[in-house]
Amino acid sequence: MSTKNRHNAYWFISVPAEKNKSAVYENLKSKLTGSGSDYAEVYQFIIPEFKIGTLDALVVISDELIKYDQSFESTTFKIVDILRNLLKGDLNQVAENLIVNDKTVEQYLKTFQWDTLKFRAEKSLQEIAQIISQEVTRIDTMMKAKSTHYSQVRSNLQALERKQTGNLAVRNVADVVKKEHFVLDSEYLETLVVAVPKNLYKEWFAKYERITDKIVPRSSQKIAEDNDFGLFTVTLFKKVSNEFANKCREEKFVVRDFKYDESDMENQRKEYEEVGAVEKELSENLLRLATANFGEVFSSWIHLKALRVYVESVLRYGLPPDFMSAIIRPKYKMDKKIREILNNQYGKLGGTLSRDENNDIEEYQNLIDKDYYPYVYFYLEFDIYKR
């Protein structure tokens, strides 16, 4: 399927189970995936029984879970963005690193099982939500610190790399000059390096000895060339260096701010190599961390969705809990059709919401378009190609 036609949205729904979850699930699945009705993929979303507590507590935790949901989504996509940056925007490579419990996102959702070791169902809903939130917050804080550190080192490396790029008027010229090009250790003389536009070579040779006084005759030689400039040396008395540089600027000759210093040049080379090595190591470590922690955060996010479905189902359908929960993945441009099928099937849950009641078509259609549905419904979109 092309990127344009991807539809990586997932609907988390629940409906009354009528004491037969399997039958309700198969009935739903047949209406959305059966012969002549290939509108979606449908997966059963099995949620364990939890300690319910009071109705007031459920209402409170329902509000808290909304905030957690938004926060987990943010953290998930922050990690995706880290991967995108590390992998230079190659979304296919990014997708390969989006693994949850050794499965792709899609496969993880298809086969979701509550992690009873990490999130023990005998704890209260409030405690479970806090445990999940604390884990995601810890990862978010750590990834932010690691990413910030890497970004700082990367910026330092890019600054050093910029010095190695561009034409001879702007780039570092340490790699093209040699000791024999310079007059060194002289009390009165020094050698300057000048970038001359290629179309001004004749002007340079005609003028450089007369730009100021005290220029050493025939001291200029071309030591390098690129597509735009030639790099020339010229030897002169130190006391006229500033005047020479200013007058060169008027002639469009660029005197480079460069002094031949082998120790300084060696230090620059070492700095570039060391920062490059550190950046490479941090990049590799951050890639491993982002890949591992994506799985942890995404898994936590789906566990939170399970809590939201459970809490909302109890609030909606009452006690004792008796509902069937499922994940629906609509196929491309099939959302509206699926809504029609679901509202036909479960419209009675909302009271006056069925076609069979005395509701006209317009009112029924308005129902389909609203955010409130007669069944429990939560939405998750995970499509890295759309961000």
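Is serine 299 buried or exposed, and what is its relative accessible area? Serine 299 is buried, with a relative accessible area of 8%; buried means under 20% relative accessible area, exposed over 50% and partly exposed in between, with a 1.4 Å probe and protein chains only.

The model is predicted, so local features need pLDDT of at least 70 and side-chain atom pairs count only at pLDDT 80 or more, whereas totals for chains, interfaces and linings use all residues. Residues are numbered from 1 along each chain as its sequence is written, and side-chain values use heavy atoms, with hydrogens and water left out.

The chain contains 10 helices and 10 strands, which are DSSP runs numbered from the N terminus (helices H or I, at least four residues; strands E, at least two). Along the principal axes, the C-alpha atoms fill a box of roughly 105 × 45 × 35 Å. Of the 387 residues, 44% are buried.

In soluble globular proteins, nonpolar side chains tend to be buried together. The largest nonpolar core here has 64 residues, of which Phe12, Phe298 and Phe382 touch the most other members. Such a core is a set of buried Ala, Val, Leu, Ile, Met, Phe, Trp, Tyr and Cys residues joined through side-chain atoms within 4.5 Å. Among the elements that give two or more residues to this core are β1 (9-16), α5 (125-163) and α8 (262-317). Helix α8 gives the most, with 16 residues. Apart from this core lies another, of 21 residues, including Val24, Val42, Ala326 and Leu342.

Serine 299 is itself found in helix α8. Leaving aside residues up to four places away in sequence, serine 299 touches Val100 and Tyr108, where contact means heavy atoms within 4.5 Å. With the same exclusion, phenylalanine 298 touches Thr76, Val100, Val105, Tyr108, Leu109 and Phe382. Serine 299 and alanine 57 are 242 residues apart in sequence, and their C-alpha atoms are 25 Å apart in space.

Serine 133 is buried, with a relative accessible area of 12%, and it touches Tyr68 and Phe72, not counting residues up to four places away in sequence.
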